[in-house]
Amino acid sequence: MNLAALDEPISAGTFLAPDQKSEAMLKLLTCGSVDDGKSTLIGRLLWDAAGVTDDQRAAILHASHARAVNGERIDFSLLLDGLVAEREQGITIDIAWRYFETKRRRFVIIDSPGHEQYTRNMATGASHGDLAILLVDARHGVKRQTRRHAAICNLVGIKKVILAVNKMDQIDWSEARYRAIEADFQAIAGNFAFAEITAIPVAALTGANVVARSAEMAWYTGPTLLEYLERVDPKVEPVDAPFRMPVQLVLRAAGDFRGYAGSVTSGAINVGDRVVDARSGLGATLRRIATMDGDRLTATKGDAVTLVLDTDLDISRGAVLSEIKRRPVNADVIEARLVWLSEKPFDPEAGYLLRTATDLTPVTSMSVSALVDFETLASAPAHDCSVNDIADCRILLGRATALDLFRDLPLTGNFVLVSAIDGATVAGGVITWAQTGAAAIGDNVLVLDRARLAGLCADLGDSPADLAEFERRAQEVAILLRSAGVPVLIETDQ
Amino acid sequence: MTALTSHLKLLEAESIHIFREAAAQFRSPVLLYSIGKDSTVLLHLARKAFWPAKPPFPLLHVDTTWKFHDMIAFRDRTVKELGLDLIVHTNHDGLARGINPFDHPPSVYTDVMKTQALRQALDTGGFDAAFGGARRDEEASRAKERVFSFRAAGHRWDPRLQRPEMWQLLNGRLGKGETVRAFPLSNWTEADVWRYIMLEKLEVVPLYFADLRPVVERGGQLLLVDDERMRLLPGEQPQMRKVRFRTLGCYPLTAAIESDAADLDAVVQETLSARVSERAGRLIDHDQAGAMEMKKREGYF
């Protein structure tokens, strides 16, 4: 842990006010091409900012000596590469999570792999970041993989990026070279929705401008990496976002208690406010915000609470509770941009499910319209997509579900695409357009419901296991029908 | 200090979210309760997640029969006070074969009495998901693990085939034969756990606090003589030293540290200033390089 925390005594004092919550913890993604030195940079940050314990230090010194990389220097990457295969091959395969704190802030570092084949792991990491450090090697500048990572950071909603120009020691601390790389990146960043880009020249191996200010780069007057990280405000959200709470579960307890449990994904709600179930359009008044620590009068973004309403809306998991005025779209057709994560390419005839905040909706049909070219960062028309691609697509849903646009409300506007066959997460995406009613494309859509599949499912009852089995069989039938060219909708009782 | 404690509220909400997602998506979850400080926090968060209802799953303790006596007493009291269902499982086949921490190397003992025992208990109970208190800050291979960690048939973990986990979305749809280990405390650190115990005034096993206890020094580690089964080497004589534990497991395999930290305040201060990582006291992790990853591949937590 850290020594800095000792300066201030721990007290069982009150928590910060809600608007200060996100100040306390910063989730930080590190990415960039392989060999640009990500693991080394993070190792250096941990080493210099006291995130490394004595036995870990001893183990790293011992292992560095054994591998004799970097001459006599410490191999900081050993702090991050935790899997046996990673240590053997000297590469990062999967994201690593590391934690440290300074007097000002608690940090979560998400170190992501640079190899193109592990881009899906990088996308996983990026989606959890408040902020990204994009690393480039000062000798090579911005590469294809740098552009790909920038595009994925942009896709998953990261708004602030640090361009860390690493290995400055290898180019004689050249300001001209650094400025050229910075200008290069600013030029491609025009393709993205980043709110702030901060370039910092560093040398992870020597520690220059990581925690300690570099003596060799007097021309650089901006903050060191740690100075910036301690001060940056990652929030770029509007103050007056509409209230949303996707329902995770319905909790029932003694005394006729019935509450909707979930995490508030945006906005705030007060006892006495009207809320609406976006799918049915039914409204109710919020009577209680129940927690084990006592009832509250208000709940805001990030709070995990249980809402008790004055009338029973008869809703379940998958519903989204919303404020009255600005509601989600009850959509059955969406357009989205996604990153394909599965080794199996997109197959228009495969069965997919759309996993949104808490809902799981069968996909009736899906088509790819364009792919992002990582050289030009422009979209080009396409119909296929495969692993590590960023694609634009159109998805028809088997039934309507409550959604927002990602650029407005990220946590009710994102999704993962799930294989109906083996449950695998095949893609992660953001909703760019959503509409109601478009999927009811006419009378020639075959609806697969309990009545139509009565013979096939004669052995099934109403238990949760049987409902799941019904859904599985319906998906299988839908796959066969779709491959024969019949448009299909699945109706489950859930 | 507010900046360093307010993040606990974020962590708490994140953990509750994970508990609820798992309970909603899995047919038959179970909470692995190992009695230590992490389990204490895990159980507390589970109660918060489903309050005013009780957690909709039982607790499971894999008892090697070599746990500290104070741990078992604490377990039984906690379960009784909170009115929870507890399943205790021991690998009786291993017991019958005489597997014990003195005659067998830690890797063999752990495999039989912990890993195999856990697999038996999960298979017998038909559980498709197990909550665990593992934290990513504990050890290098844990730092790589997902919140929903999928295990193939036979409970094997393949670190190269982890399911992508994006944003707050947890996909719990199982493939054939798959089960899940769910880790609500993934983003907590040891310091967070102690601070939270302090803020929430949670009771923990007394072994975490310094007291005079009979110990022997062996290979630079202090081992507690918890009962008459402790085998003393020639010349070893138990002596009373003021010690406490940072982590709790099987007493012959868990080293104590010398300390004067006799209450929660002192323990938190000592933890925040510790220069050695927590698992340094776990003898089973030092057995071989990549020891934890190997255990996990075999189905250990």
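Mentor: Two residues are in contact if their C-beta atoms, placed from the backbone, lie within 7 Å. The model is predicted: local features need pLDDT of at least 70, side-chain atom pairs count only at pLDDT 80 or more, and totals for chains, interfaces and linings use all residues. Residues are numbered from 1 along each chain as its sequence is written; chains are lettered from A, and ligands numbered from 1, in the order in which they are written.

Trainee: Which strands does helix H1 of chain A lie across?

Mentor: H1(A), residues 38–48, lies across S1, S2, S3, S4 and S5 of chain A. Helices (H or I, at least four residues) and strands (E, at least two) are DSSP runs, numbered from the N terminus.

Trainee: What makes H1(A) mostly covered?

Mentor: Nine of its 11 residues are buried, that is, with 20 or more other C-beta atoms within 10 Å of their own, again placed from the backbone. Among them are A:Ile42 and A:Leu45.

Trainee: What makes S2 and S6 of chain A edge strands?

Mentor: Two strands pair if DSSP finds at least two bridges between them. The sheet order is S2-S3-S1-S4-S5-S6. S2 and S6 each pair on one side only. S2(A) pairs with S3(A) over six bridges, in the antiparallel sense.

Trainee: Why is H2(B) called roughly perpendicular to H3(B)?

Mentor: Their axes, lines fitted to C-alpha atoms over the stretch in contact, cross at roughly 70 degrees. Angles run from 0 to 180 degrees between N-to-C directions, and 65 to 115 counts as roughly perpendicular. Therefore H2(B) is roughly perpendicular to H3(B).

Terms used: A residue is buried if 20 or more other C-beta atoms lie within 10 Å of its own, exposed if 12 or fewer, and partly exposed in between; C-beta atoms are placed from the backbone. Angles under 35 degrees count as roughly parallel, over 145 as roughly antiparallel, 65 to 115 as roughly perpendicular and the rest as oblique.
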